[in-house]
Amino acid sequence: MELSNLNIEKYLKQNGIKPSYQRIKIFEYLVKHRNHPTVDIIYQELVKNIPTLSKTTVYNTLKLFLEKRIIQLIVIEENETRYDADITTHAHFKCEKCGRVYDIRVDLTEMKIEGLKTFQVKENHIYFKGICEKCLKENK
Ligand SMILES: [Zn+2]
Ligand SMILES: [Zn+2]
């Protein structure tokens with residue numbers, strides 16, 4: 001599924017979510033920016049154009065999206081919850097200098113995890129931390 005050409009209204013309906021204007025805008029923000037935002041970031045960006053929006057609405061909408069499994073939660077730092085509309089399996093890299101969270105493609109089918117063979121895996125989260133390519137270049 002390619003997120004960038006998605007009909008968001010239809011997608012929300014297909015997943016049992018009533019596509020209100022605010023819900024569409026919140027999902028659209030996640031799809032457009034791919035910046036793994038926190039509730040605060042989404043709120044601050046969207047309230048500029050939707051003055052009636054509240055932080056609670058953003059929070060509750062994200063909670064609903066999570067329940068319907070159309071977004072995933074990223075908790076790299078325990079005090080910082082981020083959201084991602086890309087629900088395919090991929091890893092995340094957080095740069096400790098610029099704070100940006102990058103998507104890192106991983107092929108888990110190539111990864112042999114012996115200890116998991118007899119377990120039923122429902123979710124997986126792979127996080128890396130360090131300094132990103134861009135910051136490393138700027139440091140030189
Ligand atoms: Zn960086
Ligand atoms: Zn991601």
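In particular, where is the place of Arg69?

A: The model is predicted; local features need pLDDT of at least 70, side-chain atom pairs count only at pLDDT 80 or more, and totals for chains, interfaces and linings use all residues. Residues are numbered from 1 along each chain as its sequence is written, and chains are lettered from A and ligands numbered from 1 in the order in which they are written.

Arg69 lies in the loop between H4 and strand S1 (72-77); helices (H or I, at least four residues) and strands (E, at least two) are DSSP runs, numbered from the N terminus. Arg69 is not glycine, yet its phi is positive, near 60°. Arg69 counts as exposed, with 9 C-beta neighbours inside 10 Å (exposed means 12 or fewer other C-beta atoms within 10 Å, buried 20 or more, and partly exposed in between, with C-beta atoms placed from the backbone).

Helix H4 (residues 55-67) packs against helix H3 (residues 39-46) at an angle of about 125°, their axes 9 Å apart. Axes are lines fitted to C-alpha atoms, for helices over the stretch in contact, and angles run from 0 to 180 degrees between N-to-C directions. H3 and H4 are therefore oblique to each other (under 35 degrees is roughly parallel, over 145 roughly antiparallel, 65 to 115 roughly perpendicular, and the rest oblique). Val39, Ile42 and Tyr43 of H3 meet Lys55, Val58, Tyr59 and Leu62 of H4 in the contact, defined by C-beta atoms, placed from the backbone, within 7 Å.

The loop between helix H2 (21-33) and H3 holds His36. His36, also a residue other than glycine, has a positive phi near 50°, but His36 is buried, with 22 other C-beta atoms within 10 Å.

Key:
Two residues are in contact if their C-beta atoms, placed from the backbone, lie within 7 Å.
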